[in-house]
Number of protein chains: 2
Amino acid sequence: MRLKDLAEHLGLSQTTVSRALNGYPEVNEATRRRVAEAASALGYRPNASALRLATGRAGAIGLVLRGADELGPHMSEFLSGVGAYMANREIDVLVTTVASQQEELAAYRRLAASQKVDAVVLHSPTLKDERAELLLDLKIPFVLHGRTNIGHPVAWLDIDNTGALERATGHLLDLGHRRIALFNGLKGRTFSQHREIGYLAALSARGVPFDSALIVNTAFTDEIAFRMAQSMLELRPRPTAFLAGSMMTALGIFRAIRQAGLELGRDVSMIAHDDVFPYLNADNMYPTMSTTRSSIRQAGTRIAELIAQVLAGKPAEDVHELWPVELVLRESSGPASP
Amino acid sequence: MRLKDLAEHLGLSQTTVSRALNGYPEVNEATRRRVAEAASALGYRPNASALRLATGRAGAIGLVLRGADELGPHMSEFLSGVGAYMANREIDVLVTTVASQQEELAAYRRLAASQKVDAVVLHSPTLKDERAELLLDLKIPFVLHGRTNIGHPVAWLDIDNTGALERATGHLLDLGHRRIALFNGLKGRTFSQHREIGYLAALSARGVPFDSALIVNTAFTDEIAFRMAQSMLELRPRPTAFLAGSMMTALGIFRAIRQAGLELGRDVSMIAHDDVFPYLNADNMYPTMSTTRSSIRQAGTRIAELIAQVLAGKPAEDVHELWPVELVLRESSGPASP
């Protein structure tokens, strides 16, 4: 039995039957029940392809990853948050992994052509993100996690990275630290630039000169952070405080501090950015870790909600959310040792 | 322009044109090029729904998660491995998140009805897994990560959990440890049972009595492990060695050891199971961590390959892979202190 036959049997349009079977709110409850009963009685099994052709909705959100490595702790927490929203709505997340940045653009083109997704979550934007430009061209609705400047309004949710770093740096300066190392994200990413701006603003406000030797731009892994922190601790005068871009980075810096025979929270201070990974809790570290905190999982859930709003017709220029970031002081940050 | 029109223009069947556009190996290179050129010249944009109806392939693999929490470090590494295989093949992973175990079965039924996926990766099996039984009923091809016993052959890949724990426990016994705590996974999961069997086998082989107070069955989080290890270190005589089910568990136990004023590798020993998370490296811990090691990412990639074999017609009973697990000795395990 095809959708067409079921629709004819009921004297309804295929679109109405299809929407009823998918629980769309446009169809009233009585009709929905009548359709469900007939489908059950006649043994009709909906076929996604047929349903999608009829309703024009794929029931899925797309996420493109550049390389398998991109599904690390940040992305998986974010995706958990997206999934938490989708779970009660029978909407799936279609994850496409590509092997390079060039192929990422091709992947969006394929998603547009195949109509397998209704919208896309765009992540880790650059200052002028060509993927965002392409998605506008392809007319695929999307919400950006982060911000970009492409001269056209896009829907976005971001955390206040500038404010977070300005406050954390300012706090360390107030404790007497003058050589503060910034372990920042990759160059060209918007969030890295925003964090650097906050860091520089705090230094500048207190008249502390900027030393480029104290800034590193890398991926957020324990291993890279460990090596970079080792070299940095060999500088003279050495940094007395570290701003770690993620909890993974903090673990690597912490290891280098211990290996140098220094004590965290006494000889050297650290404030880490905490995306709130459930398995790596700042309160559970030893010593406990001072952090700038914002849940990346909550951001994922909220972005899923915003996508639903965009699909319901809300204009992209009205979907702009900037989340404040908390500064949580614990044992890892203290006065500069003389 | 529809697929039908393009096929008529070329004098080919819709199936051939569809396969050519999707790069299926059944279509020779000359035909593929002819179809691509005509599609481009005539402005034909393939529509996934139409393609799928023609080819019967969704171009996606399904993965169902029970709750957003399930996308933790283990699952995301596993999924990275699956993605690494899919990346070069333009196959996507459709991630469905459900809010409860009951809904998981409904999700598989929906996947079967909608034909959105060609096959499913089934993970974290129980000893007699009802999801595996359902997938057989629904005739959805699947490969199991782990093993189950449902009286019907299924395709699976698993690591040798029994052998790993037997060797790790035996090593600690040989170092003089007699009270060895086992931090195991959830009861009912096949891998937890296999690990317990290996642990008991090693004790029994050396005539060391088993103490049920030294076994805990929990989820693998730092927080739970910390609390359980705290209580366990209050036992008298206390355990002199720990077998940690994951690196997250090891972090929590390590914290409890430090907080009790004990030194890991001297006062207390630990061997942890290492799924090879890139951001949590056993060599980088301080002290370095002895481990039983098997890459969960590699398992994901291999399972994706096995799914391709199953879809190509290989019988499920011929797809059984048991991977050995390495025991890697580092600083965290040493002789029992007198």
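The model is predicted, with local features needing pLDDT of at least 70 and side-chain atom pairs counting only at pLDDT 80 or more, while totals for chains, interfaces and linings use all residues. Residues are numbered from 1 along each chain as its sequence is written, chains are lettered from A in the order in which they are written, and side-chain values use heavy atoms, leaving out hydrogens and water.

Contact here means heavy atoms within 4.5 Å, and by this rule 50 residues of chain B touch 50 residues of chain A. The buried area, which is the accessible area (1.4 Å probe) that two parts lose on being put together, summed over both, is about 4,600 Å², and carbon and sulfur atoms give 50% of it. In chain B, the residues that lose the most area to chain A are B:Tyr279, B:Asn284 and B:Tyr286, together 14% of what that side buries.

The table lists two counts between the chains.

| Kind of link | Cut-off | Count between chain B and chain A |
|---|---|---|
| Salt bridge | side-chain nitrogen of Lys or Arg within 4 Å of a carboxyl oxygen of Asp or Glu | 6 salt bridges |
| Polar contact | pair of N or O atoms within 3.5 Å; within protein, one must be able to donate a hydrogen and the other to accept it, and residues adjacent in sequence count only if both atoms are side-chain atoms | 21 residue pairs (both at pLDDT 80 or more) |

A:Arg110 forms a salt bridge with B:Glu90, where the closest N and O atoms are 3.0 Å apart.

Strands (DSSP runs of E, at least two residues, numbered from the N terminus) pair if DSSP finds at least two bridges between them. Strand E2 (residues 92-98) of chain A is joined to E2(B) by 3 bridges, and the two run antiparallel, with A:Val95 standing opposite B:Val93.

Definitions and conventions
Helices (H or I, at least four residues) and strands (E, at least two) are DSSP runs, numbered from the N terminus.
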